[in-house]
Amino acid sequence: MQWQNLTFNQLNANTLYDILKLRVDVFVVEQACAYPELDDKDRHPETQHLIGLSPDGELLAYARILPPGLSYPEASIGRVVVSPAGRGKGLAMPLMQHAIESALTTWPDAGIQIGAQDYLKAFYQKLGFVACSEMYLEDGIPHLDMRYHSA
């Protein structure tokens, strides 16, 4: 697995297309959730696009890392997705570990907050996140806010 962390301006057209296609295929089509996928946060100069590529260059995993103040007062990790071809290969944990490391390295004093899908609460707890809100519906899907607390 090859991991790359790129800004919007570092993404070439094909990589950007692959990212947006994966996000739409999973979040809009697979999860049957109509929502504004393109929210202008992708283009923020401090936003990081973490991609995981197979040896042959196929996009298998992705997460978007946002600077403090863009979604939450803290830094944030979102649009976390493993492609159907990458599922069952243990990619979600290293994807999030790389995203956490990147956020903490880039903004060491900001902390991290996420809006997690409720069914993934235990997964995020294993990574050090703690629920900081009650469950709420976002675009019809149960979510809860969680903050990262290092061990």
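In what order do the elements of the chain run from the N terminus on? The order is β-α-β-β-β-α-β-α-β-β-β. That gives three helices and eight strands. The model is a predicted one.

Start with the overall form. A compact globule of 151 residues would have a radius of gyration near 15 Å, and the chain agrees, with 15 Å. Along the principal axes, the C-alpha trace spans about 40 × 35 × 30 Å. Buried residues make up 41% of the 151. Among contacts with a separation of 6 or more, 57% join residues 24 or more positions apart.

Now the surface and the charges. The chain exposes about 8,000 Å². Carbon and sulfur atoms supply 53% of that area. There are 11 positive and 18 negative side chains. The centres of these two sets lie 3 Å apart.

His49 has a relative accessible area of 1%, so it counts as buried, the cut-off being under 20%. Its side chain makes a polar contact with the side chain of Tyr62, at 2.7 Å. Beyond the residues up to four places away in sequence, His49 touches several others, including Gln4, Leu6, Phe8, Asp42 and Arg64.

Thr106 belongs to helix α2, residues 92-106. Its relative accessibility is 38%, so Thr106 counts as partly exposed. A polar atom of the Thr106 side chain lies 2.8 Å from the backbone oxygen of Ser102. Leu16 is 90 residues from Thr106 along the chain, and their C-alpha atoms are separated by 22 Å.

Note on methods:
Residues are numbered from 1 along each chain as its sequence is written. This is a predicted model: local features need pLDDT of at least 70, side-chain atom pairs count only at pLDDT 80 or more; totals for chains, interfaces and linings use all residues. Side-chain values use heavy atoms; hydrogens and water are left out. Buried means under 20% relative accessible area, exposed over 50%, partly exposed in between (1.4 Å probe, protein chains only). A polar contact is a pair of N or O atoms within 3.5 Å; within protein, one must be able to donate a hydrogen and the other to accept it, and residues adjacent in sequence count only if both atoms are side-chain atoms. Contact means heavy atoms within 4.5 Å. Helices (H or I, at least four residues) and strands (E, at least two) are DSSP runs, numbered from the N terminus. The radius of gyration is taken over C-alpha atoms; the globule rule is 2.2 Å times the number of residues to the power 0.38. Accessible areas come from the Shrake-Rupley method with a 1.4 Å probe; for residues, only the protein chains shown count as cover. Lys and Arg count as positive and Asp and Glu as negative; His and the chain ends are not counted. The place of a charge is taken as NZ of Lys, CZ of Arg, CG of Asp or CD of Glu.
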